[in-house]
Amino acid sequence: MNAVKGFGKALVIITGASRGFGRALALEIAGRVDAGSVLILAARSEDRLQELQTHLSRDASQVTVRCVAADLARKEDIERVLTEVKETQRADIDHLLLFNNAGSLGDVSRYCRDFTDVDEVDSFLSFNVSSALCFTAGVLNTVPRRAGLTRVIVNISSLCAIKPFASWVLYCTGKAAREMMFRVLAEEEADLRVLSYAPGPLDTDMQLQARTISADSGIRSECNNLHVQGQLLTCEVSVNKLMKVLLEGNFTSGAHLDFYDV
Ligand SMILES: NC(=O)c1ccc[n+]([C@@H]2O[C@H](COP(=O)([O-])OP(=O)(O)OC[C@H]3O[C@@H](n4cnc5c(N)ncnc54)[C@H](OP(=O)(O)O)[C@@H]3O)[C@@H](O)[C@H]2O)c1
């Protein structure tokens, strides 16, 4: 990809686009694609998606925006997003960009020893791991490899994929599993550009949850200090770093890249 020209005519799919990092990503990327590009935005909150669509149609009217109110923990909702991908894909696009951004923190108010309910753990992993795998597989089948098409798959990861944090067992486990999944994908599909991007500590709802309900007092105060000392990143700053990495393309497919490393 070329650092100056942007992503060309692209089909961009963003999960978890209703707020936080996903929303900022949608706003930024809409200005970096050519006329005729399509953005597919998925999340559960239909009203927030519609507000974003209105915003985008004002500022990026050359781009078609499709919103799908979907709970990606549900198989039938994953199918509905894939149907939208099928119906909107065009033969003339030169880039497919899939951002697996939707995720949840899980219950951080307890420790490993407290998770005795298999169904609860399964439900977390089903949304944060299985759903991302099956959705990505569905998109790859729907938009197969062809000459002239660059397919980029981004996993929005975390430092938690590689470093344990007390009382965050679900989150750390999910991020680690998800990252390995994308590493395997990169091994298998040589034509893909796969990236796991850890966006740094962001000033979003997820951080608010982390600093208020984490069971571990050390983690709670670390998160609180980041907030109080103004060290949380805005989503826009982190999105810009990701855009730069993707446009320059200087990463090994399957790599984990952290905001602070690039
Ligand atoms: N915040 C941080 O400091 C931080 C640090 C490292 C990594 N990350 C990662 O960055 C990504 C974005 O985080 P964020 O801070 O922006 O989180 P956030 O503010 O909690 O937003 C999460 C997004 O995911 C969507 N989502 C949640 N559950 C969903 C479901 N069942 N189906 C479909 N969409 C769902 C939410 O939309 P709806 O509620 O409308 O469904 C929302 O758009 C996540 O993968 C997170 O793990 C965040």
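Visitor: Why is Thr88 called buried?

Guide: Buried means under 20% relative accessible area, exposed means over 50%, and partly exposed is in between, using a 1.4 Å probe and protein chains only. Thr88 has a relative accessible area of 9%, so it counts as buried. Before we go on, this is a predicted model, where local features need pLDDT of at least 70 and side-chain atom pairs count only at pLDDT 80 or more, while totals for chains, interfaces and linings use all residues. Residues are numbered from 1 along each chain as its sequence is written, and side-chain values use heavy atoms, with hydrogens and water left out.

Visitor: Where does Thr88 sit, and what is it in contact with?

Guide: Thr88 lies in helix 3. Helices (H or I, at least four residues) and strands (E, at least two) are DSSP runs, numbered from the N terminus. Contact means heavy atoms within 4.5 Å, and leaving aside neighbours within four places in sequence, Thr88 is in contact with Val38, Ile40 and Arg66. Val38 is 50 residues apart from Thr88 along the chain, yet their C-alpha atoms are separated by 7.4 Å.

Visitor: Arg66 is on that list. What makes Arg66 and Glu84 a salt bridge?

Guide: You need a side-chain nitrogen of Lys or Arg within 4 Å of a carboxyl oxygen of Asp or Glu. Here the closest N and O atoms are 3.4 Å apart, so the pair passes. The two residues link distant parts of the chain: Arg66 is in strand 3 (residues 64–69) and Glu84 in helix 3 (residues 75–88), 18 residues apart. Arg66, at 36% relative accessible area, is partly exposed, whereas Glu84, at 18%, is buried.

Visitor: How many salt bridges are there in the whole structure?

Guide: A search finds 13. One of them joins Asp205 and Arg19, with the closest N and O atoms 3.1 Å apart. That pair also links distant parts of the chain, since Asp205 is in helix 6 (residues 205–213) and Arg19 is in the loop between strand 1 (10–15) and helix 1 (20–30), 186 residues apart. Arg74, Glu76, Asp77 and Arg80 are linked in a network of salt bridges.

Visitor: Why do Asp205 and Arg19 count as partly exposed?

Guide: Asp205 comes in at 40% relative accessibility, so it is partly exposed. Arg19, at 35%, gets that label too.

Visitor: How do you know that the Asp258 and Tyr260 atoms make a polar contact?

Guide: A polar contact is a pair of N or O atoms within 3.5 Å; within protein, one must be able to donate a hydrogen and the other to accept it, and residues adjacent in sequence count only if both atoms are side-chain atoms. At 2.9 Å, the Asp258 and Tyr260 pair is within that distance.

Visitor: What makes Ser238 buried?

Guide: Its relative accessible area is 0%, so Ser238 is buried. Ser238 is in helix 8 (residues 235–248). A polar atom of the Ser238 side chain lies 2.7 Å from the backbone oxygen of Pro199. Not counting residues up to four places away in sequence, Ser238 touches Phe21, Tyr197, Pro199, Leu202 and Phe259.

Visitor: Which residues are closest to the ligand?

Guide: Arg19, Arg44, Ser45, Tyr171 and Thr204 are the closest of the 29 residues that surround the ligand. A residue is near a molecule if one of its heavy atoms lies within 4 Å of it. An oxygen atom of the ligand is 2.4 Å from an N or O atom in the side chain of Ser45.
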